[in-house]
Amino acid sequence: MQTDKKRENLTIGVVGLGLIGGSMARAASALGRHVLGFDKDPAVIEQALLHGAIEEALSPDQISRCDLLLVALYPQAAVDFLTGCAEKIGPDCLVVDLCGVKRAVCGPLERLARRHGFLYLGGHPMAGMEKSGFAFSRKDLFQGASMILTPAEDFPQDKLDWASEFFLSLGFSRMQRSTPEEHDRMIALTSQLAHVISCAYIGSPAALGFLGFSAGSFQDMTRVARLNETMWTELFLDNADYLADEIDSMAQRLTEYGQAVRQGQREKLFDLLRQSRLRKEATDEQKQKANEVKA
C-alpha cells in the first residue's frame with residue numbers, strides 16, 4: 001500500500017456484504033471511494049450494485065487491483081477465503097479482517113501474510129444491531145463508534161496511522177489499539193456475555209406474557225437476543241475460555257443476589273445494589289472523561 005497515495009484514489013475490496021461489510025462499502029462509496037464487493041450470494045451483489053454500495057463486483061482475479069481489502073466474514077471463513085486467494089493479493093495491499101474475535105484469526109493470517117508478502121491488520125468495528133444482512137446495512141452505522149485494531153508487534157507505524165485515518169473517515173470516533181489476547185478477554189465481557197445473558201433472560205417461561213407488564217427494561221434486556229445464531233455460535237466457541245469464565249463469574253454474582261433475596265437479607269441486598277450503582281457511575285464517569293479528551 002502506497003502511504004502517499006490519496007485515499008480517494010484507493011481501490012477498496014469488501015469481502016462479505018452483510019451488515020458490517022455492506023455498511024463499510026456504503027460508507028466508503030459515499031465518500032467517493034472506488035469500492036468493489038464480493039458476496040457468496042449473487043443476489044446480494046446485485047443489491048449492492050443497485051444501491052450504489054459498490055461500483056463493481058469483486059472477482060478473485062480482481063483482488064490484485066485492491067489497495068485495501070476488508071474481509072467481513074465469519075472467523076473461519078475469513079481465514080479460508082484469504083488462504084485461497086493469498087497469491088493474488090498484491091504486495092502493497094493492506095488486508096484488514098473485521099471479525100468479532102481475534103486470536104482465532106490473527107495468528108493464522110499474520111503467518112499467511114508473511115509467507116505471501118502482503119500486510120495484514122486485525123480489526124473489529126464496535127458497531128452493529130440485532131439484525132443482519134445487507135438489507136440492514138447503513139452508511140452511518142459507524143458514526144461515533146470505536147474501531148479496535150490489533151497490529152502485530154512489527155506492523156509499520158505509518159501503515160497503522162494510515163489505517164486509523166481511513167477508519168476515522170468512515171465515521172469512527174475512537175481508535176482502540178489492542179492485542180488479540182486483550183481483545184478477546186474484554187470482548188467476552190462487553191459483547192459476548194451480554195448476548196448470553198439476553199438469550200438466557202428471554203428464556204424465562206414468563207417472557208411470552210410480557211405485554212402490559214414492561215416499560216423499557218424488558219426491551220433493553222432482550223434486544224440482542226434477536227441474533228444470528230450461526231455467527232454467534234462460532235464467535236462464542238472461538239472465545240470459549242474467556243467467555244466461560246465470564247459466565248461462571250456472572251453465575252456467582254447472581255447466586256449472591258438470589259441468596260440475599262431468598263433469605264431476606266436486607267442489608268446484604270442494599271449493599272449489593274449500592275456497589276452496582278457506584279460501579280455504573282464510575283464507568284459513566286470514565287466514558288465522559290474519555291469523550292472530553294477527544295473533544
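The following dialogue explains the terms used to describe this predicted model.

Biologist: What makes the eight strands an open sheet, and in which order do they stand?

Modeller: The order is S3-S2-S1-S4-S5-S6-S7-S8, and the pairing is mixed. Strand S3 (56–57) and strand S8 (174–177) stand at the edges with a single partner strand each, so one side of each is left without a neighbour in the sheet.

Biologist: Why is S2 called largely enclosed?

Modeller: A residue is buried when its relative accessible area is under 20%. Four of the five residues of S2 are buried, so the strand is largely enclosed by the rest of the structure.

Biologist: What makes both faces of S5 covered?

Modeller: Leu94 and Val96 lie on one side of S5, Val95 and Asp97 lie on the other, and all of them are buried.

Biologist: Which helices lie across strands of the sheet?

Modeller: Helix H3 (residues 75–85) lies across strand S1 (11–15), S2, strand S4 (68–71) and strand S5 (94–97), and runs at about 145 degrees to S4. Helix H5 (residues 157–169) lies across S1, S4, S5, strand S6 (119–126), strand S7 (146–150) and S8, running at about 145 degrees to S8.

Biologist: Why is serine 164 called buried, while serine 173 is called partly exposed?

Modeller: The limits are under 20% relative accessible area for buried and over 50% for exposed, with partly exposed in between. Serine 164 has 15% relative accessibility and therefore counts as buried. Serine 173 has a relative accessible area of 32% and is therefore partly exposed.

Biologist: Where are these two serines, and what does serine 164 touch?

Modeller: Serine 164 lies in helix H5. Not counting residues up to four places away in sequence, serine 164 touches Leu149 and Met175. Serine 164 and methionine 175 are 11 residues apart in sequence and 6.6 Å apart in space, C-alpha to C-alpha. Serine 173 is in the loop between H5 and S8. Serine 173 and methionine 147 are 26 residues apart in sequence, and their C-alpha atoms are 8.0 Å apart in space.

Biologist: Why are H3 and H4 called roughly parallel?

Modeller: Two packed helices are described by the angle between their axes and the distance between the axes. H3 and helix H4 (residues 103–116) pack at an angle of about 5 degrees, with their axes 9 Å apart. Angles under 35 degrees count as roughly parallel, and H3 and H4 are therefore roughly parallel to each other. Pro75, Val79, Leu82 and Thr83 in H3 meet Ala104, Val105, Pro108, Leu109 and Leu112 in H4. The residues of this contact divide into eight nonpolar, one polar and no charged.

Biologist: What makes H6 oblique to H9?

Modeller: The axes of H6 and helix H9 (residues 240–262) come within 8 Å and cross at roughly 50 degrees, which makes H6 oblique to H9. The residues in contact include Ala188 and Leu193 of H6 and Leu243 and Met250 of H9. The contact residues divide into nine nonpolar, one polar and four charged.

Biologist: In which hand does H6 pass each of these helices, left or right?

Modeller: H6 passes H8 in a left-handed crossing and passes H9 in a right-handed crossing.

Technical notes:
Residues are numbered from 1 along each chain as its sequence is written. This is a predicted model: local features need pLDDT of at least 70, side-chain atom pairs count only at pLDDT 80 or more; totals for chains, interfaces and linings use all residues. Side-chain values use heavy atoms; hydrogens and water are left out. A crossing is left-handed if the near helix is turned anticlockwise from the far one by less than a right angle, and right-handed if clockwise. Two strands pair if DSSP finds at least two bridges between them. Contact means heavy atoms within 4.5 Å. Axes are lines fitted to C-alpha atoms, for helices over the stretch in contact, and angles run from 0 to 180 degrees between N-to-C directions. Buried means under 20% relative accessible area, exposed over 50%, partly exposed in between (1.4 Å probe, protein chains only). Angles under 35 degrees count as roughly parallel, over 145 as roughly antiparallel, 65 to 115 as roughly perpendicular and the rest as oblique. Ala, Val, Leu, Ile, Met, Phe, Trp, Tyr, Cys and Pro count as nonpolar, Asp, Glu, Lys and Arg as charged, and the others, Gly among them, as polar.
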